[in-house]
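The structure is shown first.

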Amino acid sequence: MQFPSNFLWGCATAAYQIEGAANEDGRTPSIWDTFSHTAGKTFHGETGDVADDSYHRYKEDVKLLKDLGVKAYRFSFSWSRVFPDAIGKPNQKGVDYYQRVVDELLQIGIEPYVTLFHWDLPQALPGGWQSRDTSKAMADYAAYIAKNFSGRVKHFFTTNEFVCFTDLSYKSGQFAPGLKLADAEVNQIRHHGVLAHGLSVQAIRANAQAGTQVGLAENAAVYVPVIETKEHIEAARHATREGNAPFLTAVLEGKYTDRYLEKQGKNAPKVQASDMEAIGSPLDFVGLNVYTPEYVRADTSRDGYAVLPRPASFPRMASPWLYIGPEVIYWAIRNVSEIWKPKELYITENGCSSDDVVTKAGRIEDTDRVMYLRNHFMHLRRAAAEGYPIKGYFLWSLLDNFEWADGYSKRFGIHYVDFKTGKRTPKLSAEWYREVIARNAVV
Ligand code: GBH
């Protein structure tokens, strides 16, 4: 059950979910501050005002990473901490905070992997992702970060999970800013999202030191063939291209699929001259956030595949959407590799919520999370053993944190956080992950 030597084990977090200090040192509100402070939007009206207070406790958090033995840490920058007006003049205190975090990591030999945008869009941007100017603003922010952090930071992710800051935010309205717009507007917002990614890739390339690597972190829909036969495997590949047409497919092919444009008809996005070229900018790696499988079989429909409904008994973790299908991680890697042949892949997130309890002895025996991870690691190892270019894995998450609309009601950490005191306690899963890393094997 060994992994290749050099396999990069890591942990992931995101700024608004862990930092707190929402109004400190010049940071201005993001759309998630506004949204979470709006009645009825998050569980019990919870906000990221304090969260894990990692803004003040980052040294402690880096120490947790060190104790795990991880070689890499994926975390995000809060755009409005760096640029309180979203564009224009940077906020030195905000920049200094991230320099301190990077210092702390490098000092103990942990490689920083920085996400530029993990949903906390500056409120200062008029129209948010409805405006094309937001894509350009993100590229300017990316250019500044590349100039000031590259060299010390060698890996950047542009965006995290297109579907979450587009569809979930502007179509179903569960996420900030909580709008419910029509298809044509949503498709345009999706386009602005992938355009922001593409322009940011170009901005990073133009401003970063040589050797800087750029990619994105995308929760592509993952299609698992119901049975490993040629026809179902092929069906899963078709589904992967079409099911991700507005996002990962557009980014890796530099075009929207004919079928997507046909299905959207008059609601298709309005595309300007060099947009698709920017969107399709070559990447150094692709990052995949992997949680839940979709099962697919071949059929005779025009698309050639059908996505199957899930029986009510399908097992899940503590979040109702988090169906357990560990082979999802293998097929995420294999489908993307076979279709687009990326140079390198990372699993940029994988992990689960569990109904953690603290025992009398003060322990958190999250055997279900260990079960979840262990089974996913078997399939991750299969992908590595078969030679797909999978370089590393970031566990979501280092800490229990602000789980967006679910507030603090869902715990994804391998460290338990007492949100009253901020105290961190390693769970059984942290102990287990440390052992995996030490032995570079599924244990
Ligand atoms: C990731 O999203 C995020 O990148 C990360 O910030 C987050 O904390 C983590 O996963 C755990 O959720 O409530 O039925 O409408 C994962 C993809 C997409 C899963 C939105 C939850 C909401 C489903 N997420 N989805 S529902």
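The side chain of Glu 349 places an N or O atom 2.9 Å from an oxygen atom of the ligand. The model is a predicted one. For Gln 17, a polar side-chain atom lies 2.8 Å from an oxygen atom of the ligand. In total, 17 residues surround the ligand, and the closest are Gln 17, Glu 161, Gln 174, Glu 403 and Trp 404.

Next, the nonpolar packing. In soluble globular proteins, nonpolar side chains tend to be buried together. The largest nonpolar core here has 141 residues. Trp 9, Trp 32, Trp 79, Leu 288, Leu 380, Tyr 393 and Tyr 433 have the most contacts inside this core. Helix H6 (residues 133-149) supplies the largest share of the core, 10 residues.

A pair of aromatic rings is described by the distance of the centres and the angle of the planes. The count of aromatic pairs comes to 52. Two of them are listed here.

| Pair | Centre to centre | Angle between planes | Class |
|---|---|---|---|
| Tyr 113 and Phe 157 | 6.1 Å | 35° | tilted |
| Phe 117 and Phe 165 | 5.0 Å | 90° | edge-to-face |

Tyr 113 is in strand E3 (residues 111-117) and Phe 157 in strand E4 (residues 155-160), so this pair links distant parts of the chain, 44 residues apart. Both Tyr 113 and Phe 157 are buried. Phe 117 lies in strand E3 and Phe 165 in helix H7 (residues 162-165), so their pair ties together parts that are 48 residues apart in sequence. Phe 117 and Phe 165 are both buried.

Rings also take part in charge contacts. Arg 382 lies over the face of Tyr 330, 3.8 Å from the ring centre. The charged end of Arg 81 sits over the ring of Tyr 97, at 5.9 Å from its centre.

Ala 146 lies in helix H6. Because its relative accessible area is 0%, and buried means under 20%, Ala 146 is buried. Leaving out residues up to four places away in sequence, Ala 146 touches Ile 204, Asn 207 and Ala 208.

Thr 166 is in the loop between H7 and helix H8 (167-170). Its relative accessibility is 0%, so Thr 166 counts as buried. The side chains of Thr 166 and Asp 167 are joined by a polar contact of 3.1 Å. Apart from neighbours within four places in sequence, Thr 166 is in contact with Lys 171, Ile 189, Arg 190 and Phe 247.

Asp 356 is in the loop between strand E10 (345-349) and helix H15 (367-385). With a relative accessible area of 12%, Asp 356 is buried. Which side chains make polar contacts with the side chain of Asp 356? One is that of Arg 369, at 3.2 Å, and another is that of Lys 427, at 2.4 Å. Not counting residues up to four places away in sequence, Asp 356 touches Ile 364, Asp 366, Arg 369, Asp 400, Arg 411, Tyr 416 and Lys 427.

The last topic is the backbone. Most residues other than glycine have a negative phi, and most peptide bonds are trans. The peptide bond from Ala 176 to Pro 177 is cis, with omega near 5°. Pro 177 lies in the loop between H8 and helix H9 (183-207). Another cis peptide bond joins Trp 396 and Ser 397, with omega about 15°. Ser 397 is in the loop between strand E11 (390-396) and strand E12 (415-417).

Ala 21 has a positive phi, near 45°, and lies in the loop between helix H1 (15-18) and helix H2 (31-36). At 7% relative accessibility, Ala 21 counts as buried. Asp 53 has a positive phi of about 55° and lies in the loop between H2 and helix H3 (54-68). At 22% relative accessibility, Asp 53 counts as partly exposed.

Technical notes:
Residues numbered from 1 in each chain as written. Predicted model: local features only at pLDDT ≥ 70, side-chain atom pairs only at ≥ 80, totals over all residues. Heavy atoms only, no water. Core = buried A, V, L, I, M, F, W, Y, C linked by side-chain atoms within 4.5 Å. Buried < 20%, exposed > 50% of the residue type's maximum accessible area, 1.4 Å probe, protein only. Helix = DSSP H or I, 4+ residues; strand = E, 2+ residues; numbered from the N terminus. Phe/Tyr/Trp six-rings, centres within 6.5 Å; stacked < 30°, edge-to-face > 60°. Lys NZ or Arg CZ within 6 Å of the ring centre and 35° of its normal. Near = heavy atom within 4 Å. Polar contact = N/O pair within 3.5 Å; in protein donor to acceptor, adjacent residues only side chain to side chain. Contact = heavy atoms within 4.5 Å.
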